[in-house]
Amino acid sequence: MPELRTARLLLRRWRESDLEPWAAMMADPEVREHLGEPLTREQSDAVVAHMRADFDQRGFGWWALESRESGEFLGRAGLDAVDAGMPFAGVDVGWRLARSAWGHGYATEAGLACLDFGFQTLGLPEIIATTTLANVRSQAVMRRIGMVRDPAADFEDPSVPEGPLRRCVLYRSPRPVPGMIAS
């Protein structure tokens, strides 16, 4: 499993020591605001087991996100294959951070590292990102990392019950053309 390093972050393999802070994050109603009900410890442990298995199988997925300076667990970031049954296909970039890590630019920094890995290492032609219509903070990160909203591709998430979390937006980032200078 490759690790990614940025100026401030380490995106790395999940450790047993991550389970407790991850569970605390997944039980936090503010962290779960755009994701649904808080998770139990058992549910959050199962999510980590699933993320580990996916990464081992595909060679990419969700990394644990750590501060390089303090070693503190900050959340997760990575790339994920879009689930079957969605109205689109591809690889999705994303992040989920503990509340204490909000507002420090970590999601932007991790998102850029994940895009670079997806394009440079995996050779992906495009990477997408999705979130709920109301999640303006995540949409701001998507714009900061150079993604562009595709309003024609906005969708109702079939895996979510009727309600405010069902309406989602889709952002896209095509593979950069070598030698192109950004304006």
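This is a predicted model: local features need pLDDT of at least 70, side-chain atom pairs count only at pLDDT 80 or more; totals for chains, interfaces and linings use all residues.
Residues are numbered from 1 along each chain as its sequence is written, and side-chain values use heavy atoms, with hydrogens and water left out.

**Strand β6**

- Thr131 sits in strand β6, residues 126-132 (strands are DSSP runs of E, at least two residues, and helices are runs of H or I, at least four residues, numbered from the N terminus).
- Thr131 counts as buried because its relative accessibility is 11% (buried means under 20% relative accessible area, exposed over 50%, partly exposed in between, with a 1.4 Å probe and protein chains only).
- Setting aside neighbours within four places in sequence, Thr131 is in contact with Ser138, Gln139, Met142, Arg167, Cys168 and Val169 (contact means heavy atoms within 4.5 Å).
- Ile127 is in strand β6 too, and it counts as buried, at 0% relative accessibility.
- Not counting residues up to four places away in sequence, Ile127 touches a list of residues including Leu79, Val91, Leu115, Phe119, Met147 and Tyr171.
- Gly90 is 37 residues from Ile127 in sequence, yet their C-alpha atoms are 6.9 Å apart in space.

**Helix α3**

- Helix α3 covers residues 106-121, and its 16 residues reach 21 Å from first C-alpha to last, close to the 22 Å expected (the expected span is 1.5 Å times one less than the number of residues).
- Most of α3 is covered, with 12 of its 16 residues buried; among them are Tyr106, Ala110, Cys114, Leu115 and Phe117.
- Just after α3 comes Gly123, with a positive phi of about 70°.

**Helices α1 and α2**

- Helix α1 (residues 19-26) packs with helix α2 (residues 41-58) at an angle of about 120°, their axes 9 Å apart (axes are lines fitted to C-alpha atoms, for helices over the stretch in contact, and angles run from 0 to 180 degrees between N-to-C directions).
- From α1, the contact uses Leu19, Glu20, Trp22, Ala23 and Met26, while α2 brings Arg41, Ser44, Asp45, Val47, Val48 and Met51.
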